[in-house]
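Keep the sequence and the 3D view open while reading.

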Amino acid sequence: MSTEKKDGILLESGTNEIEIMKFQLNGEFYGINVAKVKEILMAQKVKSMPHSHPAVEGFFKPRGSLITVINLSQYLYGETHEQRERDLFIITAFNHMQIAFRVDTIEGISRISWKAIQKPDRTLGSADASVATGIAQCEGQLVTILDFEKIVAEIAPETTIQMSEIEEMGDRPLSASPVVLAEDSILLQNMITEALQRAGYTDLTKFNNGQEAWDYLSGIANDKDLYDKVSIIITDIEMPMMDGHRLTKLIKTDKNLKNIPVVIFSSLIDEQMRAKGKELGADEQLSKPEIGHLVNVMDSLISKYEEDKKYDFKKH
């Protein structure tokens, strides 16, 4: 398995590990996946945007590119503390967007296993309302890993999955091909499910992380009717317990599961991530929120898969 370096940290595909950048806000520790971070800048002067979301400070223009600035303190706590000269902007890159988030300080980077990240207990809030991907312990500190996709989707709904892409496809035939979906964000899981059902896919089995999906798949891997139970697997990358890269690796190295098409559907898809996914055997990799593209790819992969099943059946 090839490896590569980023900021002095060794990265390897399919190891089920994540690099967390820790930062402070209002005295609390939060985290973001390093894969989402483009750069860190000292806070700069921001031009306000009238009629915008209360958490949107405005925009600034480093090196000729307009970047929206979100005040995390305002979003999380509903209040904006006095801005200080030493505030920092975390410039993120996901879903084909660059967005800056104002934070107090950066505390460093920790490399941990996804198994060490747990979903918040339901007593801390409903799954739909939670803005936490999970809670991790890094160097003795409890760190809340924020769901930046959900934050942006709530502030700017037009940046996330759009049902209009499915409606533009017109009437489609119903499909009984069984689909397995691994997606930890309840918001996105519900949106993807609704979109696929509108597109005609009626048999969906959903899991909240890669570990749950793997437990299911490995449990049916030796069944004689395996290929009637799974026609395609759709997986996110960022998930607690087991990420999508690890799930893909396990599927594609299993003698019974390896022929089932796997589509990685993630906001993190870029050249580096695409190379990793290809190395692990993913059949396709698509960036959220391209739900119409996902449906077209599913149509193609399932059609080919079912033709291959018929051929294998005739051979035997």
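His96 counts as exposed, at 60% relative accessibility; exposed means over 50% relative accessible area, buried under 20% and partly exposed in between, with a 1.4 Å probe and protein chains only. His96 is not a glycine, yet its phi is positive, at about 65 degrees. His96 sits in the loop between strand S8 (88-94) and strand S9 (97-103). Helices (H or I, at least four residues) and strands (E, at least two) are DSSP runs, numbered from the N terminus. The model is predicted: local features need pLDDT of at least 70, side-chain atom pairs count only at pLDDT 80 or more, and totals for chains, interfaces and linings use all residues. Residues are numbered from 1 along each chain as its sequence is written, and side-chain values use heavy atoms, with hydrogens and water left out.

S8 and S9 are antiparallel and pair over 7 bridges; two strands pair if DSSP finds at least two bridges between them. Leu88 stands opposite Val103 in S9. S8 is also joined to strand S5 (37-42), by 5 bridges and again in the antiparallel sense. There Met42 stands opposite Leu88 in S8. Most of S8 is covered, with 6 of its 7 residues buried. In S9 lies Ile99, which counts as buried at 7% relative accessibility. The C-alpha atoms of Ile99 and Ile70 are separated by 7.5 Å, although the two residues are 29 apart along the chain.

Another residue with positive phi is Asn16, near 65 degrees and likewise not a glycine. Asn16 lies in the loop between strand S2 (9-12) and strand S3 (17-25). Is Asn16 buried or exposed? Asn16 is buried, with a relative accessible area of 6%.

S3 leads on to an open sheet of 5 strands, in the order S10-S3-S4-S12-S11 and with mixed pairing. Strand S10 (105-113) and strand S11 (132-138) are the edge strands, each pairing on one side only. On average, neighbouring strands of this sheet are turned by 35 degrees against each other, direction ignored; axes are lines fitted to C-alpha atoms, for helices over the stretch in contact, and angles run from 0 to 180 degrees between N-to-C directions. Within the sheet, strand S4 (residues 28-33) and strand S12 (residues 141-146) run parallel and are joined by 2 bridges. Tyr30 has Thr144 in S12 as its bridge partner.

On a 1 Å grid over the protein atoms alone, a cavity is a set of points where a 1.4 Å probe fits but cannot get out, and a pocket is an open set with protein on both sides within 12 Å along at least five of seven lines; lining residues have an atom within 4 Å of a point. Grid points are joined across faces, edges and corners, and a volume is the space filled by probe spheres set on the points.

The largest pocket has a volume of about 460 Å³. It is lined by 33 residues, and Ala35, Leu268, Gln272, Met273 and Lys276 are the closest to its centre. S2, S3, S5, S8 and helix H8 (271-280) each supply at least two residues of this lining. The lining divides into 12 nonpolar, 11 polar and 10 charged residues; Ala, Val, Leu, Ile, Met, Phe, Trp, Tyr, Cys and Pro count as nonpolar, Asp, Glu, Lys and Arg as charged, and the others, Gly among them, as polar.

There are 3 cavities of 30 Å³ or more. The largest cavity holds about 110 Å³ of space. Of its 13 lining residues, Lys36, Thr133, Asp147, Glu149 and Glu238 lie nearest its centre, and the lining has 7 charged, 3 polar and 3 nonpolar residues. The second largest cavity has a volume of about 40 Å³, and its lining includes Asn95, Glu149, Lys288 and Pro289. A cis peptide bond joins Lys288 and Pro289, with omega about 10 degrees. Pro289 is in the loop between strand S17 (284-287) and helix H9 (291-315).

Taken whole, the protein has 9 helices and 17 strands. Buried residues make up 50% of its 316 residues. The C-alpha trace spans about 70 × 45 × 40 Å along its principal axes.
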